[in-house]
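Subject: Structure handover

Hello,

Here is the structure I promised to pass on. Please open it next to this note. My findings follow below.

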Amino acid sequence: MMKRVIVAFILLGKCMVSYAQETKFEYSISLKSPGNPAKTYSLQESDKGVLRANENVPVNIVQTRTDNGETVKIEVTLTAKEKIYYNFEEICKIQSFNHSDCLFFLPGFWYHKNLRSPKQAPSFATSDSWQVREDRLSSPVTGIYNEKTQRYYTVARLGAFENESLSAHASGEVILTGKTSIGFTGFRNINGSSSLVFGFPYNEMPKTYIRKLTLAPPVKAFEKLEKGESKKLVWEIKKGTAADYSKFIANTWTYAFDTYKPLPVNSGLSNAEAKEILSNFYRESFVDQHELNYFSGVELATDECKNNGSAEVGFVGRVLLNAYNALEYGEQKNDPDLVKKATAIFDSYLKYGFTASGFFREFVDFTHKKETRVYSIRRQSEGAFAILNYLKYERNKGRKHPQWEARIRTLLQNFSRLQQTDGSFPRKFNDEFKIEDKTGGSTPSATLPLTMAYAYFKDKKYLESARLTGMYLEKEIISKSDYFSSTLDANCEDKEASLYASTAMYYLSMVSSGKEKQRYTDMCLKAAYFCLTWYYTWDVPFAQGQMLGDVGFKTRGWGNVSVENNHVDVFIFEFAAVLDWLAKQKQEPRFAQFSAVIKTSMLQLMPVKDHMFDIAKVGYYPEVVQHTNWDYGKNGKGFYNNIFAPGWTVASLWQMLSPTRVEDFFLSKKK
């Protein structure tokens with residue numbers, strides 16, 4: 001008992017270290033005269049909060065700081081004495097935080113030290129100090145966590161985010177064409193101590209990230225203030241304790257949610273109306289000219305949406321899941337054409353869709369007469385997931401498919417050969433079972449069909465295999481807060497890894513009971529917090545002329561993708577249902593509230609007649625939604641990349657619009 005009291009006292013002491021004792025604030029302002037390099041002035045705080053430079057500068061700066069013990073609210077007001085172009089910076093140096101003891105967090109952009117990312121993307125491999133424009137982040141927050149002391153600091157910017165401005169250049173010193181609401185935030189190593197760094201307008205260092213695996217020289221923006229004009233800036237610094245990095249992430253997401261208070265977005269669409277619009281993709285994208293029939297949903301041009309020769313089972317194609325969706329919907333709506341298309345896809349894949357060893361032919365390009373020979377546990381799992389949903393649906397209708405059942409059993413037997421002794425699955429392999437990429441970050445994608453196969457076939461070997469994945473996820477992914485390598489077009493920290501990990505634990509809980517179920521639920525919760533940090537709690541502003549802003553697009557509820565791919569998309573699938581389930585299991589209403597934000601916000605860009613959002617066909621939902629100064633190779637902020645994959649976006653939204661699917665699949669076996 002005494003030991004517990006001592007520990008509690010120590011932790012309380014950690015919390016009670018005052019800001020004044022532990023932090024040191026530094027300030028500077030950079031002023032630019034057009035056509036000349038900017039000049040930076042250090043500022044000193046005097047009585048009454050006035051920040052003064054050592055020489056006369058044409059701007060008055062006043063700061064007030066309100067300290068309530070746990071948070072410090074900082075308000076800075078700049079008033080121009082003559083026309084100026086300015087960039088203001090503030091540093092909160094945490095003097096007791098050794099930089100080498102710390103891990104860092106910028107929501108939806110930076111986790112730990114980003115060392116899963118290649119050196120061509122932002123990571124410690126390039127620098128141990130980074131600051132970025134706020135619209136890269138799912139919440140405009142930076143956090144620093146000290147592993148040794150289990151203490152952390154965060155800084156969040158407060159206020160209205162209403163304006164954005166265009167700039168003539170993507171790097172160097174740039175004068176903005178108008179007003180912006182985008183500042184910057186990050187962390188810096190100052191003589192071995194970790195520091196929060198923040199300011200306005202944006203200033204990205206040591207590099208700016210302009211497109212995939214392309215770091216560019218830093219950018220520093222300058223906003224104009226006319227004589228007599230003022231600008232008020234508000235930040236909040238918060239400190240706390242957390243037992244580990246995972247708890248730190250959970251605390252910070254909760255704080256961000258409570259701070260920015262995202263509300264549902266009224267898209268004006270019911271689930272039924274949204275499905276009817278999306279179903280046009282199934283009507284127009286069907287291709288039956290080759291041995292495999294499929295919905296053409298990858299590598300399309302947004303301005304044409306013209307069918308092509310690419311058929312992809314999982315990842316961005318999701319042909320088989322879309323076939324199941326089309327079949328189910330066609331029968332619900334008494335639409336024989338949709339049923340015919342879906343049935344043709346299943347029949348063609350049953351006959352021609354497998355390799356000699358029994359793997360799915362993952363990606364076939366009939367136009368160029370080539371197909372991938374290196375397979376992935378993710379695409380194979382997503383194919384099996386779709387077929388098991390199909391088989392269960394057909395069984396409930398009184399229809400049997402013994403050939404399909406045999407195919408899936410063969411595929412799952414292949415899974416057993418690939419599964420490692422630690423429970424993981426290799427990321428990539430070939431038809432001879434040679435492992436091409438042994439990393440286990442994609443393992444949770446296999447958990448879903450394994451649990452489903454146990455429920456469908458009532459064969460315990462699938463449950464045992466699924467449990468092994470759960471052990472691996474708990475030990476190597478969730479307990480280490482290391483979510484990576486789930487997406488196939490990058491190998492880094494990504495949203496889909498945490499989403500799949502959380503969903504995998506949800507599926508395992510569906511086939512478990514008692515303490516085992518509770519353990520899976522706890523793991524589901526931990527992974528869910530990481531996944532949530534990728535989703536926007538605020539609305540990024542856009543400039544006039546940037547299409548997404550002109551149509552009133554709100555980013556809240558949309559998720560960033562990965563450290564490598566810095567755009568938002570509608571990858572959600574079952575995660576909204578997971579959040580609703582966790583809200584009940586853990587009595588956490590924020591999850592259900594944010595699920596409602598996601599489910600409404602993600603329908604905003606539905607292409608319908610007279611509201612096409614720069615997409616050529618109705619229901620072909622956009623994919624690469626570029627919300628910050630970054631592009632996939634075309635167009636940039638406020639637009640889409642010109643090539644997209646509606647195959648997976650339609651499948652993702654359809655799954656979101658079918659919220660009872662998972663529980664119906666598992667619970668119906670108990671009837």
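To start: is K637 buried or exposed? K637 has a relative accessible area of 8%. The cut-off for buried is under 20%, so K637 counts as buried. Please keep in mind that this is a predicted model.

K637 has a charged partner. It forms a salt bridge with D135, and the closest N and O atoms are 2.7 Å apart. K637 sits in the loop between β31 (625–626) and β32 (639–640). D135 sits in the loop between β9 (130–133) and β10 (141–146). The pair therefore ties together parts that are 502 residues apart in sequence. D135 is buried too, because its relative accessibility is 0%.

Two other pairs deserve a look.

K495 and D569 meet through their side chains in a salt bridge, 2.6 Å from N to O. K495 is in helix α11 (residues 495–510), and D569 is in strand β30 (residues 568–569), so this pair joins parts 74 residues apart in sequence. Both K495 and D569 are buried.

R188 pairs with E89 in a salt bridge, with the closest N and O atoms 3.2 Å apart. R188 belongs to strand β13 (residues 184–190) and E89 to strand β6 (residues 84–98). That links distant parts of the chain, 99 residues apart. Both R188 and E89 are buried.

For context, a search of the whole structure finds 46 salt bridges.

Best wishes

Terms used: Residues numbered from 1 in each chain as written. Predicted model: local features only at pLDDT ≥ 70, side-chain atom pairs only at ≥ 80, totals over all residues. Heavy atoms only, no water. Salt bridge = Lys/Arg side-chain N within 4 Å of Asp/Glu carboxyl O. Helix = DSSP H or I, 4+ residues; strand = E, 2+ residues; numbered from the N terminus. Buried < 20%, exposed > 50% of the residue type's maximum accessible area, 1.4 Å probe, protein only.
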